[in-house]
Amino acid sequence: MRHFTLIYLEKDDLSECIDAVVLLADPTQKNQAHVTLQGPFDRFVDVSEIKSKIVGTYMSILGAGCFFSENQSTVYLRCGSEYIKKYWKKSNYPFNPHITIYDGRSREFATKLLSILSKHRLYFELYIGDCISRKSVS
């Protein structure tokens, strides 16, 4: 099993709107909007220190972005935060915190979604509500 450190947003009107957009983009989605801060790891990670430092701090949304490749059609909201930068630990990726809005098979849908999101000024702040270690079996 693989373990990841995730950051969840503090529940408010904005975070609930983001959750709704994620659900509308992919009705099979079971997870709340989040940022993957660390991982994968082979074992559970104690996040109590990280949690005590970042919960209640803010994270900025800095517009929309995408990861497109032959087998990937991912649309996301770019995030920025000096509070989380020091805890970023994803060995294969540079610092690029983001909230995935859509990660599916349809490049056509992803392109349309990115186009819609890019037409709007998506610059606002959200507060970090929780930090957890979660295992993934996929």
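Modeller: This model is predicted. The buried residues of helix H1 pack against strands S1, S4, S5 and S6 and against helix H4.

Colleague: What makes that packing count as contact?

Modeller: The cut-off is heavy atoms within 4.5 Å. The buried residues of H1 have such contacts with S1 (2–9), S4 (72–80), S5 (98–104), H4 (107–118) and S6 (123–136).

Colleague: Which residues of H1 are buried?

Modeller: Ser15, Ile18, Asp19, Val22 and Ala25. They cover an arc of only 130° around the axis, so they sit on the same side of H1. On the other side, Asp13 and Leu24 are exposed.

Colleague: Why would residues three or four places apart point the same way?

Modeller: Because an α-helix has 3.6 residues a turn.

Colleague: How do you know what span to expect for H1?

Modeller: Helix H1 covers residues 13–25, which is 13 residues. The expected span is 1.5 Å times one less than that number. That gives 18 Å, and H1 reaches 18 Å from its first C-alpha to its last.

Colleague: Why is lysine 11 called partly exposed?

Modeller: Buried means under 20% and exposed means over 50%. Lysine 11 is at 43% relative accessibility, so it falls in between. Lysine 11 lies in the loop between S1 and H1. Beyond its sequence neighbours up to four places away, lysine 11 touches Glu16, Asp19 and Gln32.

Colleague: And why does tyrosine 83 count as partly exposed?

Modeller: Its relative accessibility is 38%, so the term is partly exposed. Tyrosine 83 is in helix H3. With Tyr58 and Tyr127, Tyr83 makes a nonpolar surface patch of about 290 Å².

Key: Residues numbered from 1 in each chain as written. Predicted model: local features only at pLDDT ≥ 70, side-chain atom pairs only at ≥ 80, totals over all residues. Heavy atoms only, no water. Patch = residues over 30% accessible without salt bridge, like charges linked within 9 Å, V, L, I, M, F, W, Y side chains within 5 Å. Areas by Shrake-Rupley, 256 points an atom, 1.4 Å probe, with all protein chains shown as cover. Salt bridge = Lys/Arg side-chain N within 4 Å of Asp/Glu carboxyl O. Helix = DSSP H or I, 4+ residues; strand = E, 2+ residues; numbered from the N terminus. Buried < 20%, exposed > 50% of the residue type's maximum accessible area, 1.4 Å probe, protein only. Arc of directions from axis to C-beta.
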